[in-house]
Amino acid sequence: MTSRPISRACLVLLIGVGCVAAMRSVWAQGPDVGTEAQRESGKQLYARYCAQCHGEKGDGEGYATPHLYPRPRDFTTGKFKVRTTANGALPTHQDLVNIIRRGMPYTSMPAWPKLTDQDVTNLAYFITTFSPDFTNAERVPQPVPLPSAPSATDESIAQGKKLYEETGCARCHGTLGRGDGPSAPTLKDDWDHPIRATDLAKSWTFRAGSSREDIFRTMSTGFNGTPMPAFVDALTPEQRWAITDFIVSLSGSDGPGYSNLVVARHVRDPIDLAKGTASFAAAPAARLPIVGQIMEPGRAFHPPTTSVTVQAIYDAQSIALLVRWHDMSAEKTGQNGPSLPVPPEEEENAAPGGSQPAGTSPFGEAEAAPEGAPQAEQDPFAEGAAPSQASEFSDAVLVQIPSEAPVDARKPYFIFGDAQSSVDLWFFDLARADPLQFTGRGSADIAPNDTGDVTGVASYDRGEWSVIFKRPLRPASAAPFAPGEFLPIAFSVWDGFSRERGNRRGLTQWYSVYLEPQDVPSAIGPMIRTALLILAIELAVVGWVRWRYGSRARGELGEPRQPTATHA
Amino acid sequence: MNILVVLAVAIVFGLLRFRRAGLLAWAGAWWVGVYVLLRFGFSAPIPASVVSLYMGIVSIALLAYVSSSEERRDEVSRPLVRFMTEKRYTALLGATVLAIPALAAANVYVRMNVPLEPPLFSRTVHPASPSEITVHDKKIDLDTAENPFLRLERTNPGEFRTHVENGRRIYYRNCVFCHGDDLSGNGMFVHGLDPIPTNFTDGTIAGLRDSFLVWRISKGGPGLPEEGGPWDSAMPAWEKLLKEEEMWEAILFLYDYTGQKPRAREETAHQ
């Protein structure tokens, strides 16, 4: 009996010794920076694949840098966004490997699926040579514990929503997660470049990946060099998983589900602009990707808008289009126009969001301190909302259709038309009450053509613009919209905060709008007719076979002749 | 050919032979077998209209075969008659009689709910170039023009590398957004572009003269002839943004980075 407690104590001691030994071996491992040969191999790969953006010296000053936003990582500072390690710590070797493999969606950092595992490993080792921190034995990165996920439930989402507000996420990311929090316009990174709070309602654009594990990791370890803090100490894993579940619920879908067609649905009641977006409840939504206008001088390499969502309805007289997109802040002052000049020098080093005076980081110094106090307990938002000063350029949106309905495949040039075929531009400067019309014959030839046919109404709510355009189906001098017909359509969006105007904007290529006929033929009638016809033939055949051969057997039903004939 | 599908069909036919299947089973097996081969046996998909045409021929052939003699007619009709008259098949017969109209109705439903597709325009990918273009008030004869920096590779390798490096800078400041970091046409804006940007790594540019490239670069999408769909292409007319030598330097970089050579002029002369 006495031997048992002793053996137990021995066991505890053994485990303790084992743990200490294990810890020591981790520390003793030292920095994981690969061999000389691996780094040398990585150097060759870096020169070929990475130096153009990240620079020969790894300082993020490559050839492409003036046109990139977010800017390429400066490896010399040792500050890396996506890590499994504590706030302010270096990334692990595996963290570096992962980000090279996966890239950062919706930035200029691509994924590198073509590189072999060995190549990526060598690259990751070479990157460590840019910062002395990686060889510092006291800064060997240690992953923080990232426990696996409980399954998402309605309760966890509701709890996450509550925590999201209590923790202050909404101050930057906005109440509905659209990156429109009151602090969002003031955010800067450690290099004093303006930085945007992530639009949490578009999970496919998340820099560090959109899986639940990715979101949980980001929330736990933060983004070094940015105002995004780490919550590994401030929140329990359960709380972080709950917020993760809430963030996942904000997007509504796994991917953007980009479309190429806007289907306009017929409505019986006359369209009333005063009813606003409610009129569009039954109309299918098409999300169309926005790309930078990088074809004409005055280019926008990284428009903050990545997509517009379009719905359309029509009644006996008119068609109405609802265009929605997320915008960090509504610029309702200043002016905008499709042909406002953009000085060529603005293409260089044009970081979006330069128009507002810099605020301090909403989290103060907290994000710089690796072992800092839990940020959530501070009041990082004492400075309050962004100064609501007048913007030079207002937000704006534009719908483009051909001036004449195309008779064949030929369309006007997708950027404001061309000399041969012009486009109608429905332009809504959101500092004004009503839209204007222009005729475009190319970016350099845009003339006012305000027939007064196009009316509209715009509203901004919690990070989203909703703009409705309305026009008669068949005006005196413009392309008609006809039920059952397709018409090319394209969109442009200007973000006044990013000083977008004229050629500097986000745009779509040509897509189509289709007016679904008022009476969509029901499939029920033809289905029943076909089924009855075949059933009758079957019964006739079976009946005949039974009458002819069936003296031996008696039954109720019958069957067709030869499967070959039926199938054919 | 999709070898696995072909093998599977052959194995099923072998098994039927081994089990001495009746003529009716054989007719059915031939019909299904040919359909499977047409539909799944070829790596390039065959249009549905062609498949149904072939299946019509197969059906007629099978009908003709099984009705070509008294014996065969009997062999086929006997199991069918038994199926329709014998009591033990009544339940199965009833199910079949109901299943066939239900399937036909489902088919009608699917056909009436084909997703809407906007009108398609099939463009010519590499339309013929004009014989001459004017870039920055300078005429370039596309039949004779060659990259002025290409010969430096032999005569002055140092200067050649300088021009390649200039091309590299131009590429990553301007072209990377669509044509991608590794030049394979997968830049960050491709999800919003149709036609998609050219992939420079797949050998396409090795089959083109470098004068063709200077035409495509200087005049861009708007400079395409009608059959190229100039209204849809997002390729800028780079003469608005780059000097002529900068375009040649970018072309130099495209060939150098991908380890390719432009098609030589002598080859064109033969055509």
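Please keep in mind that the model is predicted. Across all chains, the structure holds 32 aromatic pairs. One of them joins Trp544(A) and Tyr549(A), and helix α9 of chain A covers residues 237–251.

**Aromatic rings**
- A pair of aromatic rings is described by the distance of the centres and the angle of the planes.
- For Trp544(A) and Tyr549(A), the ring centres are 6.5 Å apart and the planes meet at 90°, so this pair counts as edge-to-face.
- Trp544(A) is partly exposed, at 46% relative accessible area, and Tyr549(A) is partly exposed too, at 34%.
- Elsewhere, ring pairs build a cluster out of Tyr46(A), Phe75(A), Phe80(A), Phe126(A), Phe130(A) and Phe134(A).

**Charges over rings**
- Arg48(A) reaches a ring of chain B: its charged end sits over Tyr257(B), 3.9 Å from the ring centre.
- Within chain A, the charged end of Lys79(A) sits over the ring of Trp191(A), 5.5 Å from its centre.

**Helix α9 of chain A**
- With 15 residues at 1.5 Å a residue, α9(A) should span 21 Å, and its end C-alpha atoms lie 22 Å apart, which agrees.

Terms used
Residues numbered from 1 in each chain as written. Chains lettered and ligands numbered in written order. Predicted model: local features only at pLDDT ≥ 70, side-chain atom pairs only at ≥ 80, totals over all residues. Heavy atoms only, no water. Phe/Tyr/Trp six-rings, centres within 6.5 Å; stacked < 30°, edge-to-face > 60°. Buried < 20%, exposed > 50% of the residue type's maximum accessible area, 1.4 Å probe, protein only. Lys NZ or Arg CZ within 6 Å of the ring centre and 35° of its normal. Helix = DSSP H or I, 4+ residues; strand = E, 2+ residues; numbered from the N terminus. Expected span 1.5 Å × (residues − 1).
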